[in-house]
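Good morning. I have one structure to go through today, so please keep the picture in view while I talk.

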Amino acid sequence: MRYVMMTFPSRAHSDWWERASGDERRREIEAIEAWFREHAARGRIKGGAELGFARDAKTIRRHLVTDGPFLETKEGIGGFIVIEAPDEATAIEIAQGWPSLAWDEDAVELRPEGASSADESRATGARTDSGRDPATAARSGSAARGSGPPASHRPRRARTARP
């Protein structure tokens with residue numbers, strides 16, 4: 001099963017990185033590279049990316065693009081790693097080994113990869129809150145939360161202008 005592991009460096013960690021010497025940064029990078037080598041050798045790493053600084057982010061809304069930090073979150077995402085694990089316990093074990101967790105406030109969030117089509121949802125037994133499979137709920141026009149994209153990502157009907 002695939003999981004997405006999102007890393008959340010703490011403010012203290014980010015501040016440290018900004019003022020760290022080249023040798024200090026290199027040691028941290030080496031620890032992270034060793035983690036990647038270990039899990040890549042076991043076939044567990046399937047993808048991912050380190051993200052740039054939040055200060056360089058753009059937030060996109062329906063009709064607006066703004067500079068700078070992100071959606072209203074308390075923690076900035078440092079990156080994500082797509083991992084393959086036979087079960088949740090193994091995925092948790094992999095995530096617990098993330099080197100940056102040595103920092104008290106750093107965190108890792110682990111989520112199973114989602115099913116993006118009705119066929120995949122049906123195959124994995126995914127159900128809507130109402131107990132129906134997502135394809136049936138979508139066809140009936142009453143897709144429940146958790147079945148398909150959130151309302152903000154669904155196509156919108158054209159609206160007529162009001163006088």
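E38 forms a salt bridge with R42, and the closest N and O atoms are 3.8 Å apart. By salt bridge I mean a side-chain nitrogen of Lys or Arg within 4 Å of a carboxyl oxygen of Asp or Glu. Side chains of opposite charge can pair when their charged atoms come close. E38 is partly exposed, with a relative accessible area of 39%, while R42 counts as exposed at 52%. The cut-offs are these: buried is under 20% relative accessible area, exposed is over 50%, and partly exposed is in between, with a 1.4 Å probe and protein chains only.

Before going on, the ground rules. This is a predicted model, in which local features need pLDDT of at least 70 and side-chain atom pairs count only at pLDDT 80 or more, while totals for chains, interfaces and linings use all residues. Residues are numbered from 1 along each chain as its sequence is written, and side-chain values use heavy atoms, with hydrogens and water left out.

How many salt bridges does the structure hold? There are five. Another one joins D15 and R11, with the closest N and O atoms 3.8 Å apart. These two residues are four apart in helix α1, which means about one helical turn separates them. D15 is partly exposed at 34% relative accessible area, and R11 is exposed at 64%. R111 also forms a salt bridge, with E109, and there the closest N and O atoms are 2.5 Å apart. Both are partly exposed: R111 has a relative accessible area of 47%, and E109 has 29%.

Now the overall layout. The protein has five helices and six strands, in the order β-α-α-β-β-β-β-α-β-α-α from the N terminus. Helices (H or I, at least four residues) and strands (E, at least two) are DSSP runs, numbered from the N terminus. Of the 163 residues, 23% count as buried.

Next, helix α2, residues 22-41. Its 20 residues, at 1.5 Å a residue, should span 28 Å, and the end C-alpha atoms are 28 Å apart, so the two agree. The expected span is 1.5 Å times one less than the number of residues.

Which residues of α2 are buried? They are E28, I32, W35 and H39. They cover an arc of only 50° around the axis, and therefore lie on the same side of α2. The arc is that of the directions from the helix axis to the C-beta atoms. An α-helix has 3.6 residues a turn, so residues three or four places apart point the same way. On the other side of α2, R27, R37 and A41 are exposed. The cover over the buried residues of α2 includes β1 (2-8), α1 (11-19), β2 (45-50), β5 (79-84) and α3 (88-96). After α2 comes G43, with a positive phi near 75°.

Last, the core. The largest nonpolar core has 11 residues, among them I32, W35 and A85. Such a core is a set of buried Ala, Val, Leu, Ile, Met, Phe, Trp, Tyr and Cys residues joined through side-chain atoms within 4.5 Å. β1, α2, β5 and α3 each supply at least two residues of this core, and α3 gives the most, with three. Leaving aside neighbours within four places in sequence, A85 is in contact (heavy atoms within 4.5 Å) with M1, Y3, T90, A91 and I94.
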